[in-house]
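Good morning, everyone, and thank you for making the time. Please have a look at the model on the screen, and then I will walk you through it piece by piece.

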Amino acid sequence: MIRLKNVSKTYPNGTVGLQNVNLHIRPGEFVSVVGQSGTGKTTLAKMLIAEERPSHGQIVIGGWDITEIRRAEIPYLRRQIGVVFQDFKLLPKKTVYENVAFALEVCGAESRKIKAIVPQALKIVGLTAKADRYPRQISGGEQQRVVIARSLVHRPKIIVADEPTGNLDSLNTREIIDLLKRINDFGTTVVLVTHNKDVVNELQRRVITIDRGLVVSDQEEGKYVL
Amino acid sequence: MKTFVSILRSLRFGLQNFGRNIWLSAATVLVLTLALVSVNALVSLNVLGQTALAALRSRIDVSVHFKPEVDESRVQTVRIALLALPEVSSIQYVSPAESLESFSQTYGGDQAVAASLSEVGANPFGAALIIRGRDLTGYPKIMAALEDQQFASLIEDKDYDNRQAMIARLESISSRAAFGGLAVSGLFALIALLIVFNTVRVSIYTHREEIGIMRLVGASDWFIRLPFYVEAVLSSVAALAVCAGLLLPFLIFAGPYISHFMGTPDADLLQFYRTHAFQVFGLEFMAIAALAVLTTKAAAAKYLRV
């Protein structure tokens, strides 16, 4: 599903993001990428959605070599990968429903399709009753659920979640992780970037540990070891 | 179908952007309008200048006054000889009696002139030929032909030079006015360019969150950029509408005064805009929209990293 071969990333100012990373993530896996701040976790997440390009190496997603992906192809890649960020990235002047529908609207989906898919996505994340609320009228955990619903509308094969619980309390964190586990149970590959030790230890899934740009550990049913 | 839906949504987003940043849009429309008004002032000046020149040209002729002792047959011989010149379009013969009558009509009220004529007794005027050339460039050759010794001895006076000077002066004023108008239009175009650039920059900044989300969820490059182009074209359409809205009442009100000032009913700007509205406003729209779209392209390339 996702394969990184000798991937390195060095920024123009000389900062090293990743060093010679080799990874293979199989379809349907739930993988946690852990490490301290500034170790290259987010760089890895950004490379998976082609927001960053590797300086060296090769990245293949679902048989598609995205190492030298053309700009015009990036939207098609992003429609296949759902993205969830720590800072939600919701539009404050749109309702919950409109925020989720926006992902389909900007990709040219027909109104009929939008009307069919958005309620389904909201049902999965448990926000059907709050479809008409604005982001400021719902809790942080609910806002992150809206983001997850938005990432689901393209029926992605992969979800990349970069610190999705970073702004949430423990109760909301549990809800979001449970939701990601349910989505993974449907067969979607989940790449969870986090430095939340409790989340990783509770999940008991594969854990990839990055330190100073290097993969220092890759364990099935691993623990947060740093 | 998908592309059609995307285009419609881009149009909608462009309209929304235009409305949400209404003051910024208004400033852009105002500057584009100023550029268009200056261009139309230039067009009007050009039309009036051309009308004045055409009127003046139609009145150009060479009046050749023969000595009173030259009889009609000799004048007709000169006339036939001149008609053979390719530069000559027509020649009107004016008999001495007609010359006198014309003079009397012009100066009949002047007692001193009447007394002088009475003192002379006989008709003091000779015959005259009024020569019209095919175009302005032919007159020097006609004048040269009249200098020929066989004609020169018969001619008392020729009248041409004053009008030539007037035409040269009018052409000079017209071309200077056109240059000045072009400079003003160029200045407004430059200001419009900078304002449109800034509008797009601010618009991109205002919508940075939305653009970021569009990128994340897989909106295509052109879908993100198109609303900004829609905004630019909308500003151009609005500016053209405002310009036409200002110009029409002005022409209805000032048209008769302009015609009166120019001394010819041909100087009818309203009629010009009626018959040339599609060409003038079509070209102006294309020019202003091209300017706005190209500036948007430059601003988007600089500030919209998709």
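At what angle do helix H5 and helix H6 of chain A pack, and how far apart are their axes? Helix H5, residues 140-152, and helix H6, residues 170-185, pack at an angle of about 20°, with their axes 9 Å apart. Helices here (H or I, at least four residues) and strands (E, at least two) are DSSP runs, numbered from the N terminus, while axes are lines fitted to C-alpha atoms, for helices over the stretch in contact, with angles running from 0 to 180 degrees between N-to-C directions. H5(A) and H6(A) are therefore roughly parallel to each other, given that angles under 35 degrees count as roughly parallel, over 145 as roughly antiparallel, 65 to 115 as roughly perpendicular and the rest as oblique.

Before going further, please keep in mind that this is a predicted model, in which local features need pLDDT of at least 70 and side-chain atom pairs count only at pLDDT 80 or more, whereas totals for chains, interfaces and linings use all residues. Residues are numbered from 1 along each chain as its sequence is written, and chains are lettered from A and ligands numbered from 1 in the order in which they are written.

On the H5(A) side the contact is made by A:Gly140, A:Gly141, A:Gln144, A:Arg145 and A:Ile148, and on the H6(A) side by A:Asn172, A:Glu175, A:Ile176 and A:Leu179; two residues are in contact if their C-beta atoms, placed from the backbone, lie within 7 Å. By class, this contact has 3 nonpolar, 4 polar and 2 charged residues, where Ala, Val, Leu, Ile, Met, Phe, Trp, Tyr, Cys and Pro count as nonpolar, Asp, Glu, Lys and Arg as charged, and the others, Gly among them, as polar.

Let me now turn to chain A as a whole, which has 7 helices and 10 strands. Buried residues make up 45% of its 226 residues, and a residue is buried if 20 or more other C-beta atoms lie within 10 Å of its own, exposed if 12 or fewer, and partly exposed in between, with C-beta atoms placed from the backbone.

Strand S6 of chain A, residues 81-85, is mostly covered, since 5 of its 5 residues are buried. Both faces are covered, with A:Ile81, A:Val83 and A:Phe85 on one side and A:Gly82 and A:Val84 on the other. S6(A) is joined by 5 bridges to strand S7, residues 158-162 of chain A, and the two run parallel; within this pair A:Val84 stands opposite A:Ala161.

Two residues of chain A deserve a separate word for their backbone. A:Asn6, in strand S1 (residues 2-10) of chain A, has a positive phi of about 50° although it is not a glycine, and A:Asn6 is exposed, with 12 other C-beta atoms within 10 Å. A:Arg155, in the loop between H5 and S7 of chain A, also has a positive phi of about 50° without being a glycine, and with 13 C-beta neighbours inside 10 Å it counts as partly exposed.

Chain B, for its part, has 11 helices and 4 strands, and buried residues make up 29% of its 306 residues. What is the order of the strands in its open sheet? The 4 strands of chain B have the order S2-S3-S1-S4, with antiparallel pairing, and two strands pair if DSSP finds at least two bridges between them. Strand S2 (88-94) and strand S4 (155-159) of chain B stand at the edges, each with a single partner strand, so one side of each is left without a neighbour in the sheet. Strand S1 of chain B, residues 62-66, is joined to S4(B) by 4 bridges, and B:His65 stands opposite B:Asp157 in S4(B).

Finally, the two chains meet in a contact that takes 17 residues from chain B and 17 residues from chain A. On the side of chain B that touches chain A, helix H1 (2-20), helix H9 (208-217) and helix H10 (221-262) of chain B each supply at least two residues, and H9(B) gives the most, with 7 residues. The residues on that side of chain B divide into 7 nonpolar, 5 polar and 5 charged.
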